[in-house]
Amino acid sequence: MGDKGGKAKNVLVLGLVGIAGVLLTIISDFILIGRPNSASSFLKLGTESMAYLPDWRITAGAFMGIIVLPFQLAGLISVYQGLKPSGRVMQLIVVLIEAHALIMGVAFHVSYAYIGTGWRLHHQAGIGNEITLELVKKFDYYWNIIVFIMLAELLFSSIIYAVLIIRGKTRYPKWMAVFNPLCISLLLFPLIFILPAPIGGFMGPACFNISTLTFMCLSTFVIYKKLKSTEDR
């Protein structure tokens, strides 16, 4: 009973650390690239919306995200404990892929500092400047590679996660198979990007972190409750 009680407490404590990390990352998104416009206008302009941000926002937003993102790794304890009954390998694969995606999120935040600075330089040099435009295009190319890797990891880990739950050999209820990181992102994305100004311009840039927050909250409290009920029997 003590071991199971320890597991429940660990899931709750580390899960709350992970959730706090996501919340702080969302705040860093607001600072880094949020603006009081509609989410659809942000989507159309993308990273170029950083061209007229003050230096302190680019610096504070990027490096705040870099500092707090690693704390999100603690929240994966619930995923590990939730999938653990399914075997010794598959749950580790899911957790390791999700952990790597979060680590890539640090690289993602670093890239915003360079892209934002590149766009500012391009606008200051003049929109027709080919040299600065080529520089920004290079930054954008590297940025898209990171996005591709993160999306591939999101897809792969979500599929394995959902299949394991559907098979019924995990601590998760079967309805949690639908609430995997990929499906949550697909559900939230169209909702967030119809939000009007000024809310949409801040929520849009934080879309994927809001998805992570939703998943981590659900996973932490579902698995904590499951382990706690087992302890109390």
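User: What should I know before reading any values?
Analyst: This is a predicted model, where local features need pLDDT of at least 70, side-chain atom pairs count only at pLDDT 80 or more, and totals for chains, interfaces and linings use all residues. Residues are numbered from 1 along each chain as its sequence is written, and side-chain values use heavy atoms, leaving out hydrogens and water.

User: How many helices and strands does the chain have?
Analyst: There are nine helices and zero strands in the chain. Both kinds are DSSP runs numbered from the N terminus: helices are H or I with at least four residues, strands E with at least two.

User: What box do the C-alpha atoms fill?
Analyst: Along the principal axes, the box is roughly 70 × 30 × 25 Å.

User: And how much of the chain is buried?
Analyst: Buried residues are 46% of the 233 residues. Buried means under 20% relative accessible area, exposed over 50%, and partly exposed in between, with a 1.4 Å probe and protein chains only.

User: New topic. How do helix 5 and helix 6 cross?
Analyst: The axes of helix 5 (residues 90-125) and helix 6 (residues 130-166) come within 8 Å and cross at roughly 160 degrees. That makes the two helices roughly antiparallel. Angles over 145 degrees count as that, under 35 as roughly parallel, 65 to 115 as roughly perpendicular, and the rest as oblique.

User: Which residues make up the contact?
Analyst: The contact of helix 5 with helix 6 has 27 nonpolar, eight polar and two charged residues. Nonpolar here covers Ala, Val, Leu, Ile, Met, Phe, Trp, Tyr, Cys and Pro; Asp, Glu, Lys and Arg are charged, and the others, Gly among them, are polar.

User: How many aromatic pairs are there?
Analyst: The structure holds 10. Rings of Phe, Tyr and Trp (its six-membered ring) pair if their centres lie within 6.5 Å; planes under 30 degrees apart are stacked, over 60 edge-to-face, and the rest tilted.

User: Why is the pair of Phe 30 and Phe 202 edge-to-face?
Analyst: Their planes are at 90 degrees, with the ring centres 6.0 Å apart, so the pair is edge-to-face. Phe 30 sits in helix 1 (residues 2-33) and Phe 202 in helix 8 (residues 200-203), so the pair ties together parts 172 residues apart in sequence.

User: What about Tyr 161 and Tyr 172?
Analyst: Their ring centres are 5.4 Å apart and the planes at 70 degrees, so that pair is edge-to-face. Both tyrosines are buried.

Notes: Axes are lines fitted to C-alpha atoms, for helices over the stretch in contact, and angles run from 0 to 180 degrees between N-to-C directions.
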